[in-house]
Amino acid sequence: MHCKICMHSIEKDTTWSTLFDFRERTLCPSCNEQLETIQEPTCEKCMKQTEEKLCSDCKFWEQYWGKDPLDRNVSVYTYNEYMKETMARFKYRGDYEIVHAWKDSFQQTFKEHFPKESHLLPVPLAESRFHERGFNQAEALANLVDQPLFAGMIRIGQEKQSKKSKWERLLASNPFELTETPPENIVIIDDLFTTGSTVRFAAQLMKKAGAKRVSSLTLVRS
Amino acid sequence: MKGNIYLAAVIYTLGYLPFAVSLCLLGALLLTLLRFWYSHKWFLGVSLFLFILSIYLSPQTTAPSEENTLPEEYAGPAIIKSHPITKEFYTEFEVELSNQQMVLIRQQKVEQNAIKHGAVCLTEMSIEQVNQATNPGQFDYRSFLNHQGIQGIAYDATIEECVGSSFVSPLYEYRDRLLEQIDDVFSPNTSMWMKALLFGERSNFDDQLMETFQFWNLSHLLAISGLHVGLLLALSYAVLYFGFRISKESAMNILLVSIPVYIVLAGSQPSVIRAGLMAVLVILVTKLKMTVKLLDVLAIIYIISLVFDPYLFYQLSFQFSFLVTCSLILSKQIITTDGWLWTSIKISLISQLALLPLQFYHFYYTNVLSFLLNLLFVPYFTVFMLPVLITLLLLQLLHTPFAVLLEKLFIWINQPMMDALFGLEQFSIAQWIVGKPSILVIGIYYVIFLIMMAMWNRGKLRFAAVFAIALIGCWWMQQALPYMDNAYRITMLDVGQGDSFVIELPRRSGVLMVDAGEEVVYSHLDQSNRNTKNIIQPFLWSKGITQIDALLISHFDYDHVAGGKEIMDSFKPKGLFIAERQDLEPITRYFGDKYQPIHLMHGHRLQFGGGTIEVIAPKTNRSSGSENNHSLVFILEVDGHRTLFAGDLEEPGERRILQRNLPPIDLLKVAHHGSKTSTSEAFIREVGVDVKNALISVGEDNTFNHPSQVVIKRLEDHGIKVWRTDTHGAVEMIYKNGQSTFSPFTP
């Protein structure tokens, strides 16, 4: 087996604790070290690394919406230089296979934080963007977790989030539309959680349509 | 697959288990790792092939089939399969007969260089079956040899017209010359250590040295271990690279060639083979610029060694060597984190824990302080003794005068070290005797061991500590088992022409011994403590018995009492009981003045836990001429089951007993080894009404013609089943819930 990021062959380092571990590794130890998992203390709600209980972003959202439609966000990694580079390869240079490098940690995080009966909603991509990229990165991540998908949402807006300023993002109109009634327990899947506006737009729609719990699982918290 | 080759080694090992068991385990292994095998199909293929190979190659240790029985006489060609080893009284080597059976040959006289490894000779020999163990716990010489592929022994065979030799034969001869040379130039003590530590030749060690090293679990230092080979290789490499300024590449080539030569020179012991082959493989891999995990190398060497010599599997040194190496490789993250001292402590501890079940299974005890002594002596042997001995040998081969000087230094340091070790009192507290553990306890131990090591590896020290306590708890559990056992047992040990009985009362409420006899043997093997050392002590230890409550001596004849003092010394009975007597001379003769026996006579009653002893005879303290007729005769009653121990009582004595109104007896210890002077018709008619079983302790083919056919017939005519040590080996009576069952050791 070779590392999905650096392509070097992965060797099992057999010790007492890995003696009976026959899982296929997709990430070599050195790459694994460079990907930095989020450490405490974090915002209780969105996992932003901060000393405060509730970060300023989340406080703002509470004020803005009255009641935040998103129950909580869970992320796996921080957005360090290595992750930025890898993310760029994954999203903009079409290296789809990299997604498997995160398989173990992504699955593990889902198991730790979310109930089994949750449905996954990969954040939809606008059609033009899908053609450009060839795949939906959120869907690729959602496929790592063995859980039913909810596909009743489409995206109508076109603008790239990354080109917008924070205020533009916060004040933009909702780019999503529901086509089906959402299930009760929803976990929104996306690659990046920056201000949380995308995820919250989606959450708001579903809460309105009757969803009871809407959380999100994102690979990176920047 | 890398890092998982050990799975193939596990699968290869399965081939040694009984076929049904191995298939079940293989199935389980395939099913639980279905996904793994699916993505490693060719590894699966190789593993399955190895499994079949292992089943085909692993020796059948069950009874030999009809066409494969050993001939009593053999005349014909034979291949010399091992280089002759000269011992104190004989020279021995192995030969393969034309039907591919292996025989061990012992010759009183062998001309030098007459027997060459690999030669084909014309032979004539009478082959004997190897003696089998006849007691539980006893060392089984037959299975020991069978597990090396040897089916019989021949003494002083005629060996003529030898032709040819194998290509390693000159090496063996060179080794002989080298060893002789070492004997010539060095003092006996120096040559003894040099031969053992550099060439694996241990014949010069005396018993005291071996016993001391074994007592402290240091024996592994006397054999050439992986540590020695590693050190030797490192030294050679350093000398070649730094001393002779040879390139790395050529230095490796030289080592590659010299390692196999050294394996032969070092007597090809399993540990040397393992360490040597591992080194060869590691060097090869380095040369080919491949990366391989050490554990994989070990697994490959394991399989290769067993393919070449399937019998290695049964050798203790092979098992110990691989188990320890494997454990230490798996512990590398644990071991390498701290300083030098902690590393040594951890290595010592982990090796001991990994070996503990094997140690208990084979030796019934371990030494709890050995871990400290290992800490001292392992560095002493590797850092001091080995380098000094190697240098000494090299200096001597180069004929330099420094050799004398260095030898003086060696003796000056080594002598006090060894004296200190021998002088160290062998506290019995340090010796932890657990008994022969059941397979179940061993299984539980290893599961807990794996979990503990995994916890330790992950740094979860608290959990690891809890499991470590559970680990030791396994052996406490093993020790506690007899205390929960309701059964009452009498074991008649096979001590040849003599008596020795061990009585285990229910729930270990007491352990009694009746007699500790030694056999009179006229040969060089004669030792006054043969039975106690080789039969009684291993039996008691295998049952986890370290102290007994009472030793009863029926009378003062050699075949009943000679081992008594040894038992008093090692098992510290709370009481020594003998028949009331006037003549006290034999007591001091057999026991010295250290022990004060308690005199018993008719009417005395003793209580031991769940057992009562009622003394029947003697009635006087005068022995009326015959020691036999002055035997201590008693009835042991446990849970309503009565056994009459009749000592060596003869007819006149029996007549006197009959007047004493005996209660019904269930089991009879037949007097005087079944001699016709005892067990008279009148006695059996009176005493034997309720007796269903009788025990006769008697030597095979003894010169007294015991037991008498008349007595046997007499017993059988009264419907009594006779159990005798000459045909059944040791016999154990188990009495449980009012039912007694008898299990002979050799059915």
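Trainee: Is B:Y380 buried or exposed, and what is its relative accessible area?

Mentor: In this predicted model, B:Y380 has a relative accessible area below the 20% under which a residue counts as buried. B:Y380 is therefore buried, and its relative accessible area is 9%.

Trainee: How many aromatic pairs does the structure hold over all chains, and is the pair of B:Y380 and B:F384 stacked or edge-to-face?

Mentor: Over all chains there are 45 aromatic pairs. In the pair of B:Y380 and B:F384, the ring centres are 5.3 Å apart and the planes stand at 25°. Planes under 30 degrees apart count as stacked. The totals and class asked for are thus 45 aromatic pairs and, because of the 25° angle, stacked.

Trainee: Which helix holds both B:Y380 and B:F384?

Mentor: The two residues are 4 residues apart, about one turn of the helix. B:F384 is buried as well, with a relative accessible area of 17%. The element that contains both, spanning residues 370–397 of chain B, is helix α16.

Trainee: How are the rings of B:F501 and B:F645 arranged, stacked or edge-to-face?

Mentor: Their centres lie 5.6 Å apart, with the planes at 85°. Planes over 60 degrees apart fall in the second class, so the pair is edge-to-face.

Trainee: How many residues apart in sequence are the parts that this pair ties together?

Mentor: B:F501 belongs to strand β11 and B:F645 to strand β19, both of chain B. Both residues are buried. Because the two strands are separate parts of the chain, the pair bridges a sequence separation of 144 residues.

Note on methods. Residues are numbered from 1 along each chain as its sequence is written. Chains are lettered from A and ligands numbered from 1 in the order in which they are written. This is a predicted model: local features need pLDDT of at least 70, side-chain atom pairs count only at pLDDT 80 or more; totals for chains, interfaces and linings use all residues. Side-chain values use heavy atoms; hydrogens and water are left out. Rings of Phe, Tyr and Trp (its six-membered ring) pair if their centres lie within 6.5 Å; planes under 30 degrees apart count as stacked, over 60 as edge-to-face and the rest as tilted. Buried means under 20% relative accessible area, exposed over 50%, partly exposed in between (1.4 Å probe, protein chains only).
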